[in-house]
Amino acid sequence: MSMSIATQATLKVGKVAGLSRSVRSSKAKRAVKCAAAAETTTKKAPGPLQRGGTLEGEKAAGKDAGVAAKTGALFANGTQEWSDPRWVNGTWDLNQFKLPNGETDWNAVIDAEVVHRKALEDCPAVYDEDGLFDTSIVPWWVWVKRFHLPEAEKINGRAAMVGYAFAYLIDAAGGAGLVDLHQSFLGKTAIFLTVAFCLTVRRLEDLDTLNVLADEATFYDKQWNATWEGKERPSDSQ
Amino acid sequence: MASASMTMAAAPAARTTSLRNSKFHGAKVAPMRAVKAAAVDTGIKAAGKSLDGRKLRVAVIGGGPAGACAAETLAKGGCETFLIERKMDNCKPCGGAIPLCMVGEFDLPEEIIDRKVTKMKMISPSNRAVDVGQTLNDKEYIGMCRREVMDDFLRKRAKSLGTNLVNGLFMKLDDPGQGNGPITIHYNDYEADAKVGEPKTMEVDVVIGADGANSRVAKNIDAGEYDYAIAFQERIKIPDEKMDYYKDLAEMYVGDDVSPDFYGWVFPKYDHVAVGTGTVVNKTAIKQYQAAMRKRAEEKCAGGKIIRVEAHPIPEHPRPRRVQGRVTLVGDAAGYVTKCSGEGIYFAAKSGRMAAEAVVERSQNGTKEVDESDLRVYLDKWDRKYWATYKVLDILQKVFYRSNPAREAFVEMCADEYVQKMTFDSYLYKTVVPGNPLDDAKLLGNTIASIVRANALRAAGKAQVNM
């Protein structure tokens, strides 16, 4: 019995690897085994690999195996061994990252880890020891200085330009000047809303992202409630 | 009540004429009905009519954990139960991990647990390895068992409690509708001839579909489709000294190379390991993912021999319709598998038990008919009890299985003891335990920080390449 399961499974495996239409014969074999005489539909049902959530092309972006994995080129370069003289015992040896004045050069640590991860994405390495590097050992101010500040500068710049444009337009429309704007309640509310908007929607792409997130957040709930459509839950009616 | 006392008082005087007798008879019946109506309002509604003398007949299709636990509860509750299973020695391809609460709740003997896993290793895309499990106490473990052993035990127990075990393959069911007669089940009986089944029919009042991810009952009642993952695993017999490493350790590998939306695993079985992976969105590439998984675990499984290759679908969410008339679904057939971890055995068994409990209660121990509203009581109870668990795991999957930086952050977070404790508590005991709010706030801050850092590292890499 176990042999037949293995055979069935290998048939499935064969289907995955080849994806050829000779799949039909293995499907027929399985159908006979289950004595499924009842099904007489002539329309070919989508196979298990086509049904249920398989994404293709653009929709699979970010959820895909990556080009290297799909083309089978993942291990074309053989197994790479990660080696860097500063990588000792599964983590970066901070002693080798010292600046002339004795402090640790955190930027160099970040650079090294960036290169490390990029190399792994292209070709996963095989290690003989566990990795131990935790990104939280790099202090928070290094991250802020290197990654947050340039982004913050860009967004502040955009917010300033938008603010200037609106202040000019409101003044030109006969409304209050900049100082009077801050003194009226309506003006204060408008400024607050604008700042909040700029923080949440920092780029136009963020609007789409927020939309997608909102859909995603409720999709699972919808799937769970599908069986209750049109019917009331007993606990609701009590 | 007033009319009853009047009747009793007037009874001696009413003996003379038959007309008056009949009037009193009518009057006597009315207060009885009034009493009965009062009982229905306060207690359990027996929506159906009484079955004259016979027991409620329930067919459970599928003899896995869901079916066997349903049959057991039904038989104990006084229903005439038929458990239809196609293959009594079936080894369903499965991870085989059961939480601690299942051993207690379902009275499983220690013998069916092959191995008690007390340590887990999570390995990130950049090979950062985190040991999880230091917060477990001596009595806590994840049980690894053989599905054929556990399923057989549960079925035999159901049989010993009065279930009629039928070795047959379910073909289809005919439901003429509530009040129009019983449901007819068509099946092929393998009792006499194991090769070619003998077509037979059986008449029942309720059907519980527990026949797994490719449920035929679900197709019959038009329950709708669901997204599912393909889980693929190879069982590998590795040398003893390498097996020793996995004595009580299970590994979980995350990464784009191993799976775009799931994880790869190395689970120790009784004398070999199961190495596998799964995916929802890119099933056609499953072999590449498996190759990547084998590569990652290469050192640890070197010198091993593949003894079996197997694959099986895992549902991602419940079917659109889990009940139709007098037929309901439980377990994998209903789609009760959690996201993120892909756990299904406990929920299958529990849903089977809950459905059976609802049937037993609403039929008043098998003496009354049940209809769809009674089966919906089980669905509602299930949704209310486990919705939080499923939703939390869904959120975790959406946040942490998005991309490689998210997975790196996931593994980083698992190094935190508070996270380990919360995770294991909720997995082993199936309750979403609210922790200390301050710790939760700190955890949220750390999670965001981890994700931000991991994303920054990846973005930095891209920027450098562009320039």
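This is a predicted model: local features need pLDDT of at least 70, side-chain atom pairs count only at pLDDT 80 or more; totals for chains, interfaces and linings use all residues.
Visitor: What makes α3(B) roughly parallel to α5(B)?

Guide: Helix α3 (residues 65–77) of chain B packs against helix α5 (residues 147–160) of chain B at an angle of about 15°, their axes being 8 Å apart. Angles under 35 degrees count as roughly parallel, so α3(B) is roughly parallel to α5(B). The crossing of α3(B) past α5(B) is left-handed.

Visitor: How do you know which residues meet in α3(B) and α5(B)?

Guide: Contact means heavy atoms within 4.5 Å. On the α3(B) side, Pro65(B), Ala68(B), Cys69(B), Ala71(B) and Glu72(B) take part. Their partners in α5(B) include Met150(B), Leu154(B) and Ala158(B), as well as Arg147(B) and Asp151(B). By class, the contact of α3(B) with α5(B) has seven nonpolar, no polar and five charged residues.

Visitor: Why does Glu72(B) belong with the charged residues there?

Guide: Asp, Glu, Lys and Arg count as charged, and therefore Glu72(B) of α3(B) is placed in that class.

Visitor: What makes domain 1 of chain B and domain 3 of chain B neighbours in contact?

Guide: With heavy atoms within 4.5 Å as the cut-off, 17 residues of domain 1 of chain B touch twelve residues of domain 3 of chain B. The C-alpha centres of these two domains of chain B are 36 Å apart. The assignment gives domain 1 of chain B as 50–108 + 145–226 + 317–391, and domain 3 as 392–465.

Visitor: Which domains does the assignment give for chain A?

Guide: Chain A has domain 1 (85–138) and domain 2 (151–220), and their C-alpha centres are separated by 40 Å.

Visitor: Where does UniProt put "domain: MnmG N-terminal"?

Guide: That unreviewed entry lists residues 58–92 of chain B. In the model this span is 37% helix and 29% strand, with its end C-alpha atoms 25 Å apart.

Conventions
Residues are numbered from 1 along each chain as its sequence is written. Chains are lettered from A and ligands numbered from 1 in the order in which they are written. Side-chain values use heavy atoms; hydrogens and water are left out. UniProt positions are given in the numbering used here, feature names are shortened, and annotations may be inferred rather than shown by experiment. Helices (H or I, at least four residues) and strands (E, at least two) are DSSP runs, numbered from the N terminus. Axes are lines fitted to C-alpha atoms, for helices over the stretch in contact, and angles run from 0 to 180 degrees between N-to-C directions. Angles under 35 degrees count as roughly parallel, over 145 as roughly antiparallel, 65 to 115 as roughly perpendicular and the rest as oblique. A crossing is left-handed if the near helix is turned anticlockwise from the far one by less than a right angle, and right-handed if clockwise. Domain bounds come from an automatic or database domain assignment.
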